[in-house]
Amino acid sequence: MLNSLSFSGLTTGQRGVHLRLIETTDLHLHLLPYDYYADRPSAGIGLASAARLIDVARAEAPNTLLFDNGDFLQGTPMGDYVAHERGLRRGDLHPVMAAMNALDYDAITLGNHEFNYGLDFLMTTLEGAAFPVVSANLSTRLGAGPRADRTLVKPYVILDRMVTDEMGFAHPIRIGVIGFAPPQVIDWDNHALDGRLQARDIVQSARAWVPEMREAGAELIVALAHTGIGSARYAEGMENAAVPLARTPGIDALLTGHTHLIFPSPMFSSMPDVDIATGTIGGKPAVMGGCWGAHVGLIDMLLMREGGEWQVLGTRSEVRALPSDGLKSDRRIADAVAGLHADTLAAIRRPVGQSREALHSYFSHLGVTGSLQVVAEAQRDYVRQRLADPELAELPILSAVAPFKSGGRGGPAGYTDVLEGPVALRHIADLYPFPNAIAALCLTGAEVVEWLERSAAAFNRVRPGSQGTPLRNPEVPGYNFEVIDPLDVVYDLSQPSRYDHAGGLADPRAHRVVSVMLEGRPLDPEGRYILCTNSYRAGGAGRFAGAQARNLVLSDERVTRDILRQYVTRHGALVRGGQGSFRFKAMPGTTVIFETGPGAGAHLDEIAGFHPEARGLTRAGFLRLKLDLSDGA
């Protein structure tokens with residue numbers, strides 16, 4: 001594609017322009033190749049390393065633009081340290097802005113996690129940007145239509161650039177850049193955004209703004225879309241709207257993200273309107289560059305100016321990965337954040353208490369839930385003290401927690417692992433890595449059971465007597481598998497899942513939850529219960545039953561991780577609450593395959609009831625275990 005002579009559309013005398021779009025996405029403040037939870041260097045991640053890939057990509061092409069596709073602000077203890085301890089005053093330069101300025105980004109858009117620390121913190125951060133920030137569907141006030149909205153930042157920008165053709169001649173071009181975020185952001189961070197931010201549908205916003213961009217002189221339009229590649233069928237309010245968005249007339253190229261996946265890749269081979277061979281969605285060149293700075297996405301475009309207009313003659317999409325042993329950090333970024341890195345290390349190493357036992361998430365999907373119970377108890381204690389309504393205060397308090405770090409896209413090192421002994425701030429962040437705010441719902445027992453049924457989608461269906469079925473459904477991330485403490489739950493995995501991986505009702509007749517006990521008694525379907533959760537879940541994320549505004553009885557700005565830290569400080573230790581958990585209904589003669597982190601090998605005695613047999617490591621580095629379900633452990 002890079003050789004313009006290979007295109008039959010070019011005739012003698014015509015000169016092609018090679019334009020390369022470079023994307024980073026979902027950095028989640030991974031600026032350096034360092035794992036703050038494990039407190040050790042981590043090769044293969046970080047913008048400081050990805051900068052080397054960016055430099056190479058720029059050197060290979062005569063005309064380049066560098067964009068970030070959102071979710072850059074939150075995700076590591078460094079981000080939490082800046083937001084919650086050091087603070088960010090007017091005039092301060094946030095480290096991510098310092099890093100992006102050093103790399104000379106051309107424009108960026110906003111993702112959903114930009115709002116985790118509140119709107120004021122975000123806007124102060126953006127003041128340090130030396131490049132345009134665009135987002136067309138997020139507004140502080142809605143008008144009669146998208147173009148009448150008061151958008152939070154500019155909906156789009158037009159970049160006036162000079163590009164050189166293959167003969168070295170320069171040409172002016174006006175490139176329009178527009179941004180989009182999942183409209184669900186106002187629900188996920190409702191505690192901080194209620195009444196201050198409004199969101200419109202992505203596709204409807206594009207249909208309104210793109211024509212204006214053309215009217216304003218944009219000759220090529222690039223969409224920075226912090227949205228995943230989902231259904232080809234449009235539905236208003238779609239979270240993952242890349243396919244219908246790509247079909248919007250006037251958009252020439254699409255940078256996607258949000259789901260931390262790679263495009264083009266075989267994962268998307270069977271999706272309608274998605275072509276992994278050509279790297280296109282809806283016929284438009286597209287890319288998705290993974291997450292954490294581990295990858296860089298590229299779109300190469302061959303352009304030709306004819307009749308006063310630019311024509312796209314060919315495209316190619318590619319994702320480049322950092323080598324597993326990493327690359328040397330770019331000094332521009334490393335130097336810019338060196339002081340803050342040292343401060344973050346000092347903060348995460350401060351002792352706050354003790355752990356009387358090893359707590360990990362290697363077997364959270366097998367009912368070993370100690371690492372979740374300590375969080376559940378801290379949530380329950382906080383909510384119990386703040387239920388002002390006497391009637392609500394008399395209700396049983398349940399606490400839902402998900403194993404956020406349980407492999408999957410986090411890789412074989414993506415597990416909670418807290419050793420017995422001193423507990424530092426980094427261990428608190430390891431137990432609860434997201435800055436979600438606390439929330440509580442009042443649900444019926446029937447709704448609690450449906451909540452558990454939704455969680456049960458995390459498992460594949462297992463036929464009785466079968467051998468070697470993978471236990472986990474890879475489409476359900478760990479954060480959508482909820483354990484509710486102190487309930488004792490029994491799942492029947494021989495039944496089909498009642499809900500699909502996205503939370504849609506898949507089989508109304510299916511019921512995997514066969515028993516739910518609270519303190520030795522069956523849960524009352526008609527009874528009322530307080531369920532401690534977080535703002536993300538209470539806002540509807542994951543589509544769990546009962547997660548609706550009408551059921552919300554507590555919405556607090558306090559971050560769950562801070563609640564856990566203060567709870568540990570007060571008690572001097574990580575304290576487990578109720579001893580409820582879950583198990584599987586016995587299936588004699590049935591085995592499954594379970595993949596977990598290699599560190600799980602030191603804790604196999606905790607799942608002795610499954611008679612685990614180690615089957616080596618997968619190519620990705622996960623430990624494969626053969627488990628026997630005969631005893632229903």
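Helix α13, spanning residues 445-455, is mostly covered in this predicted model, with nine of its 11 residues buried. The buried set consists of Gly445, Glu447, Val448, Glu450, Trp451, Leu452, Glu453, Arg454 and Ser455. Elsewhere there is an open sheet of six strands, a pair of roughly perpendicular helices, α10 and α15, and a total of 36 salt bridges across the whole structure. The points below take these topics in turn.

**The six-stranded sheet**

- Reading across the open sheet, the strand order is β6-β5-β4-β1-β18-β19, and the pairing is mixed.
- The edges belong to β6 (133-134) and β19 (309-321); each has a single partner strand, so one side of each is left without a neighbour in the sheet.
- Strands of a sheet pair through backbone hydrogen bonds, in either a parallel or an antiparallel way.
- Here β4 (residues 63-68) and β5 (residues 107-109) pair in the parallel sense, over two bridges.
- Asp68 has Ile108 of β5 standing opposite.

**Where α10 meets α15**

- Two packed helices are described by the angle between their axes and the distance between the axes.
- For α10 (residues 370-386) and α15 (residues 560-571), the angle is about 95 degrees and the axes are 9 Å apart.
- An angle from 65 to 115 degrees counts as roughly perpendicular, and α10 and α15 are therefore described that way.
- On the α10 side, the contact is made by Val374, Val375, Glu377, Ala378, Gln379, Asp381, Tyr382 and Gln385. The α15 side supplies Thr560, Ile563, Leu564, Tyr567 and Arg570.
- Sorted by class, this contact of α10 with α15 has seven nonpolar, three polar and three charged residues.

- Side chains of opposite charge can pair when their charged atoms come close.
- Arg561 and Asp80 meet through their side chains in a salt bridge, at 2.1 Å from N to O. Arg561 is in helix α15 and Asp80 is in helix α2 (residues 77-86), so this pair ties together parts that are 481 residues apart in sequence.
- Both partners are buried: Arg561 has a relative accessible area of 7%, and Asp80 is at 9% relative accessibility.
- Glu219 and Arg305 form another salt bridge, at 3.0 Å from N to O. Glu219 sits in the loop between α7 (202-215) and β12 (220-225), while Arg305 is in strand β18, so the pair ties together parts 86 residues apart in sequence.
- Arg305 is partly exposed, with a relative accessible area of 37%.
- Arg565 and Asp562 are three residues apart, which means they are separated by about one helical turn.
- Arg565 counts as partly exposed, at 28% relative accessibility.
- Salt bridges that share partners also join Arg20, Glu60, Asp300, Arg316, Glu318 and Arg320 into one network.

**Backbone details worth a look**

- Most residues other than glycine have a negative phi, and most peptide bonds are trans.
- The peptide bond from Phe263 to Pro264 is cis, with omega near 5 degrees. Pro264 is in the loop between β14 (262-263) and β15 (274-275).
- The peptide bond from Asp485 to Pro486 is also cis, with omega near 10 degrees. Pro486 belongs to the loop between β27 (483-485) and β28 (488-491).
- Trp292 has a positive phi, near 65 degrees. Trp292 lies in the loop between β17 (284-289) and β18, and is partly exposed at a relative accessible area of 29%.
- Arg543 has a positive phi too, near 55 degrees, and is found in the loop between α14 (535-538) and β32 (552-559).

**A buried loop histidine**

- His113 lies in the loop between β5 and α4 (119-126).
- At 14% relative accessibility, His113 counts as buried.
- Leaving aside residues up to four places away in sequence, His113 touches His28, Asp71 and Gln74.

Technical notes. Residues are numbered from 1 along each chain as its sequence is written. This is a predicted model: local features need pLDDT of at least 70, side-chain atom pairs count only at pLDDT 80 or more; totals for chains, interfaces and linings use all residues. Side-chain values use heavy atoms; hydrogens and water are left out. Two strands pair if DSSP finds at least two bridges between them. Helices (H or I, at least four residues) and strands (E, at least two) are DSSP runs, numbered from the N terminus. Axes are lines fitted to C-alpha atoms, for helices over the stretch in contact, and angles run from 0 to 180 degrees between N-to-C directions. Angles under 35 degrees count as roughly parallel, over 145 as roughly antiparallel, 65 to 115 as roughly perpendicular and the rest as oblique. Contact means heavy atoms within 4.5 Å. Ala, Val, Leu, Ile, Met, Phe, Trp, Tyr, Cys and Pro count as nonpolar, Asp, Glu, Lys and Arg as charged, and the others, Gly among them, as polar. Buried means under 20% relative accessible area, exposed over 50%, partly exposed in between (1.4 Å probe, protein chains only). A salt bridge is a side-chain nitrogen of Lys or Arg within 4 Å of a carboxyl oxygen of Asp or Glu.
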